[in-house]
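Subject: Structure handover

Hello,

Please find the structure below. My notes on it follow.

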Amino acid sequence: MKRYLFDVDGTLTPARQRIDPKFQDWFLDFAAKNSVYLVTGSDNPKTREQLGSAITFAVDAVFNCNGNETWDKNELVWANKWRLPEAAHEWLSEQLTASEFELRTGLHFEHRSGMVNFSIVGRNAEIDEREQYIQWDRRTNEREKIAVAFNLRYPELEARVGGDTGIDITQRGQNKAQVLEYFDPNDELVFFGDDMGENGNDYPLHKVIVDNSRGSTYNVGNWTETWNLLQYGK
């Protein structure tokens with residue numbers, strides 16, 4: 001059976017923003033006619049805020065926190081209880097202090113089930129403040145450098161660039177690839193994400209699908225590209 005898997009930020013919505021109303025109506029109809037799953041680094045309340053409860057209820061399942069939570073019809077089925085070790089938290093705090101990006105908005109660590117999202121600018125940033133950091137990160141590649149250094153220092157853990165301003169941190173292997181266990185080996189998986197580069201949080205799921213010939217993946221630039229692919233194909 002064909003199963004459609006979707007990241008949310010940058011894939012179904014602008015990052016940290018709500019889904020376009022016309023796309024929302026279209027996608028709700030798509031989910032009613034197809035087997036659809038959401039695979040996102042965000043927590044469930046944020047996913048419902050961005051997509052609307054109608055969509056999160058209509059899909060077959062929602063894998064939040066990079067697969068460390070499983071939701072069925074807006075009810076929590078399973079959650080990973082792992083917490084970030086203090087030593088790793090302290091090291092990340094040092095990177096926050098050392099960053100030459102001066103703006104700080106607060107909520108630099110967001111603890112979710114089985115993961116932590118770390119952000120230099122902070123998750124309290126407004127859209128224009130986020131854009132300032134996005135441009136900075138494009139020039140300096142700061143997030144990827146922090147993630148690479150973290151992974152070398154803590155090989156039992158895993159840091160990956162997530163969204164536009166954050167870094168997702170989990171136990172090694174507790175990334176989006178873990179949702180593969182949910183599906184039958186005969187299922188054809190079609191995965192849409194916007195961050196399939198080697199250090200991106202969509203990469204692990206992309207890789208296991210491709211390496212195991214389980215289906216196809218699409219690295220999209222934004223939600224409009226996702227919509228166009230779903231309607232018209234490549």
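In which strand is the place of serine 35? Serine 35 sits in strand E2. Strands here are DSSP runs of at least two residues (E), helices are DSSP runs of at least four (H or I), and both are numbered from the N terminus.

Before the rest, the conventions. This is a predicted model, in which local features need pLDDT of at least 70 and side-chain atom pairs count only at pLDDT 80 or more, while totals for chains, interfaces and linings use all residues. Residues are numbered from 1 along each chain as its sequence is written, and side-chain values use heavy atoms, with hydrogens and water left out.

Serine 35 counts as buried, at 5% relative accessibility. Buried means under 20% relative accessible area, exposed means over 50%, and partly exposed lies in between (1.4 Å probe, protein chains only). The side chain of serine 35 makes polar contacts with the side chain of arginine 3, at 2.9 Å, and with that of aspartate 60, at 3.5 Å. A polar contact is a pair of N or O atoms within 3.5 Å; within protein, one must be able to donate a hydrogen and the other to accept it, and residues adjacent in sequence count only if both atoms are side-chain atoms. Leaving aside neighbours within four places in sequence, serine 35 is in contact (heavy atoms within 4.5 Å) with Met1, Lys2, Arg3, Tyr4 and Asp60.

The seven-stranded sheet

E2 belongs to an open sheet of seven strands with mixed pairing, in the order E5-E4-E3-E2-E1-E10-E11. Strand E5 (75-79) and strand E11 (215-219) stand at the edges with a single partner strand each, so one side of each has no neighbour in the sheet. Neighbouring strands are turned by 20 degrees against each other on average, direction ignored. Angles run from 0 to 180 degrees between N-to-C directions, and axes are lines fitted to C-alpha atoms, for helices over the stretch in contact.

Two strands pair if DSSP finds at least two bridges between them. The pairings I looked at in this sheet are:

- E1 and E2 pair in the parallel sense over four bridges, with phenylalanine 6 opposite leucine 38 in E2.
- E2 and E3 run parallel and are joined by three bridges; in E3, the bridge partner of valine 39 is phenylalanine 63.
- E1 (residues 2-6) and E10 (residues 188-193) run parallel and are joined by five bridges; in E10, arginine 3 has leucine 189 as its bridge partner.

Two helices pack here. Helix H7 (residues 203-211) packs on the sheet and touches E1, E2, E10 and E11, its direction making about 145 degrees with that of E11. Helix H2 (residues 44-51) lies across E2 (35-39), E3 (61-64) and E4 (69-72), at about 125 degrees to E3. Lysine 207 is found in H7 and is partly exposed, with a relative accessible area of 36%.

The four-stranded sheet

An open sheet of four strands has the order E6-E7-E9-E8, with antiparallel pairing. E6 (109-112) and E8 are the edge strands; each has a single partner strand, so one side of each is left without a neighbour in the sheet. E6 and E7 (residues 115-119) pair over four bridges, and histidine 111 stands opposite valine 116 in E7.

Helix H4 (residues 86-98) lies across E6, E7, E8 and E9, at about 150 degrees to E6. Helix H6 lies across E8 and E9, at about 170 degrees to E8.

Helix H5 (residues 127-140) and H6 (residues 142-153) pack at an angle of about 65 degrees, their axes 6 Å apart. Tyr133, Trp136, Asp137 and Thr140 of H5 meet Glu142, Arg143 and Lys145 of H6.

Threonine 165 lies in the loop between E8 (157-162) and E9 (166-171). Threonine 165 is buried, with a relative accessible area of 3%, and its side chain makes a polar contact of 3.4 Å with the side chain of arginine 130.

Regards
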